[in-house]
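Here are my notes on the model you sent over.

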Amino acid sequence: GNTTPEFMAAGHDGAQVALGEQGNAEWVRVWLMGGLPAPYCYSFAVAMPGDDSGAFHSCDLWFTFGTLQKSWRPFTGVHYDVSRAMVAYWTNFAASGDPNGVGRTHSSAPCWERHAGPSGDVLRIAEASR
């Protein structure tokens with residue numbers, strides 16, 4: 001996964017390019033060429049409150065580990081909703097190999113599909129993900 005936009009740089013034509021997303025796409029391509037099962041990929045696009053730094057590299061970790069309260073940032077209810085969904089995804093993945101959980105019947109979080117190629121699914125995690 002990556003945050004958006006992450007590791008931006010000027011491309012050949014001068015336009016901004018998201019190197020983090022490009023690197024992940026290349027990693028998935030090589031992974032699939034090796035005959036491995038399609039991975040789960042995400043793009044974290046939650047703007048961080050308290051300044052205009054946006055979704056910077058590694059800010060998703062507060063959400064993944066459920067530690068928003070350890071930050072000085074003024075997180076609100078929607079941020080805690082996103083964090084609960086992320087904690088559930090990673091807990092389910094650790095327990096069963098599926099971030100959605102076995103027999104997914106009650107979750108309000110979007111279904112996280114496997115990323116199976118260049119146009120594959122990438123779970124976009126944003127404030128609207130709740």
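**Notes on the model**

1. Leaving aside residues up to four places away in sequence, T3 touches F44, A55, F56, H57, S58, C59 and D60, where contact means heavy atoms within 4.5 Å. Bear in mind that this is a predicted model, with local features needing pLDDT of at least 70, side-chain atom pairs counting only at pLDDT 80 or more, and totals for chains, interfaces and linings using all residues. Residues are numbered from 1 along each chain as its sequence is written, and side-chain values use heavy atoms, with hydrogens and water left out.

2. T3 sits in strand β1 (residues 2-3); strands are DSSP runs of E, at least two residues, and helices are runs of H or I, at least four, numbered from the N terminus. T3 counts as buried because its relative accessibility is 1% (buried is under 20% relative accessible area, exposed over 50%, partly exposed in between; 1.4 Å probe, protein chains only). Its side chain reaches the backbone oxygen of A55 at 3.3 Å.

3. How many disulfides are there? The count is 0, taking a disulfide as a pair of cysteine sulfur atoms within 2.5 Å. C59 is in none, as the nearest cysteine sulfur, that of C41, is 18 Å away. For C41, the closest cysteine sulfur is in C111, and at 14 Å that is too far for a bond.

4. Both cysteines count as buried: C41 at 10% relative accessibility, C59 at 1%.

5. Helix α1 (residues 19-33) has 15 residues and reaches 21 Å from first C-alpha to last. That is close to the expected 21 Å, which is 1.5 Å times one less than the number of residues. Just after α1, G35 takes a positive phi of about 80 degrees.

Note on methods: A polar contact is a pair of N or O atoms within 3.5 Å; within protein, one must be able to donate a hydrogen and the other to accept it, and residues adjacent in sequence count only if both atoms are side-chain atoms.
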